[in-house]
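Trainee: I am new to this structure and would like to learn how to read it. Could we take it one feature at a time?

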Amino acid sequence: MVDLRTIVRQVESLQERIGEFYEELGALKLAMRDLIEENQKLSLENAHLRERAHMYIEEQPAVAGEAAKYLGKLYEDGFHICNVNYGSLRQGDCLFCLQNLQRTS
Ligand SMILES: [Zn+2]
């Protein structure tokens, strides 16, 4: 025969755990929202920076040598400098980037 008080205690304990679970879930949702916001902010910032870097290179032919140096360094640091993937992280050599480097140097 099952003791009724034992069942009541188990139900209460389960209820408590569900409450804690919900609290944790709520905190996780908040943290996730913060991360999504931060990510959107950084993406926007990154897009602006890329745009500005492009403008800088295109609008100042007088400092073409400097721009070429900048591009070379950017490539060495592991980023694409080609139109296809400009500004994103590079894995290994990229033919488009190398063409770009040859053209500017
Ligand atoms: Zn590239």
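Trainee: Why are Glu38 and Lys41 separated by about one helical turn?

Mentor: Glu38 and Lys41 lie three residues apart in helix α1 (residues 4–59), which means about one helical turn separates them. Helices here are DSSP runs of H or I with at least four residues, strands are runs of E with at least two, and both are numbered from the N terminus. As for the source, this is a predicted model, where local features need pLDDT of at least 70 and side-chain atom pairs count only at pLDDT 80 or more, while totals for chains, interfaces and linings use all residues. Residues are numbered from 1 along each chain as its sequence is written, and side-chain values use heavy atoms, leaving out hydrogens and water.

Trainee: What do the side chains of Glu38 and Lys41 form?

Mentor: In general, side chains of opposite charge can pair when their charged atoms come close. The rule for a salt bridge asks for a side-chain nitrogen of Lys or Arg within 4 Å of a carboxyl oxygen of Asp or Glu. Glu38 and Lys41 form such a salt bridge, at 3.8 Å from N to O. By this rule the count is three salt bridges.

Trainee: How many helices and strands does the protein have?

Mentor: There are three helices and zero strands, and from the N terminus the order is α-α-α.

Trainee: Which domains does the protein have?

Mentor: Domain bounds come from an automatic or database domain assignment. That assignment gives domain 1 (1–59) and domain 2 (63–105). Their centres, taken over C-alpha atoms, are 38 Å apart. With contact meaning heavy atoms within 4.5 Å, five residues of domain 1 and nine residues of domain 2 take part.

Trainee: What is the area buried between domain 1 and domain 2?

Mentor: The size of an interface is often given as the accessible area lost when the parts come together. Here a 1.4 Å probe is used and the loss is summed over both parts. Domain 1 and domain 2 bury about 560 Å², with 66% of that from carbon and sulfur atoms. On the domain 1 side, Arg50, Tyr56 and Ile57 supply 71% of the area buried against domain 2, more than any other three residues.

Trainee: How many salt bridges cross the interface of domain 1 and domain 2?

Mentor: The rule finds zero salt bridges there.

How values were computed
Buried area = accessible area lost by both parts, 1.4 Å probe.
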